[in-house]
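I opened this notebook to keep track of what I looked up, entry by entry. The structure comes first, and my notes follow it.

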Amino acid sequence: MLCADCASLLAYAEQRLQKCPFGEDKPTCVKCPVHCYKPACREQVKVVMRYAGPRLLFRRPILAVRHLLDERKPVPDQPRFKRRVSTDSG
Ligand code: SF4
């Protein structure tokens with residue numbers, strides 16, 4: 001169960017992910033040269049990641065390792081302006 005602020009941030013993050021111009025080549029957002037998040041949301045995400053990042057290693061170790069590996073991948077120079085395929089109808 002998320003509080004209203006966290007639910008709103010999650011919805012915003014999912015929206016940004018859907019519109020990410022890097023598509024499947026997406027770097028981790030912290031290393032992104034575009035930084036599409038509005039400043040207030042970016043600060044909120046930093047707070048969330050400071051809290052959740054270390055805990056993720058214990059609760060979802062595979063996800064945590066994948067995220068750490070993603071952070072080591074080279075960042076694409078230019079977005080490809082690909083869009084993820086939406087599963088939403090309409
Ligand atoms: S910050 Fe960069 S990588 Fe993250 S969703 Fe926005 S454009 Fe994509």
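This is a predicted model: local features need pLDDT of at least 70, side-chain atom pairs count only at pLDDT 80 or more; totals for chains, interfaces and linings use all residues.

Residues are numbered from 1 along each chain as its sequence is written, and side-chain values use heavy atoms, with hydrogens and water left out.

Entry: I looked up Leu 69, which lies in helix α3 (helices are DSSP runs of H or I with at least four residues, and strands are runs of E with at least two, numbered from the N terminus). Leu 69 counts as exposed because its relative accessibility is 52%. Together with Leu 57, Phe 58 and Val 65, Leu 69 forms a nonpolar patch on the surface, with about 430 Å² of accessible area in total. The elements giving two or more residues to this patch are α2 (39-59) and α3 (61-72). For a patch I took residues with over 30% relative accessible area and no salt bridge, nonpolar side chains (Val, Leu, Ile, Met, Phe, Trp, Tyr) being joined within 5 Å and like charges within 9 Å; the areas come from the Shrake-Rupley method with a 1.4 Å probe, and for residues only the protein chains shown count as cover.

**Entry: salt bridges.** I counted two salt bridges in the structure, a salt bridge being a side-chain nitrogen of Lys or Arg within 4 Å of a carboxyl oxygen of Asp or Glu. In one, Glu 43 meets Lys 46 at 3.3 Å, N to O; these residues are three apart in helix α2, and so about one helical turn separates them. In the other, Asp 70 pairs with Lys 73, with the closest N and O atoms 3.3 Å apart.

**Entry: Thr 28.** Asp 70 came up again when I turned to Thr 28, which touches His 67, Asp 70 and Glu 71, leaving aside residues up to four places away in sequence (contact means heavy atoms within 4.5 Å). Thr 28 sits in the loop between α1 (4-18) and α2, and is buried at a relative accessible area of 5%.

How values were computed. Buried means under 20% relative accessible area, exposed over 50%, partly exposed in between (1.4 Å probe, protein chains only).
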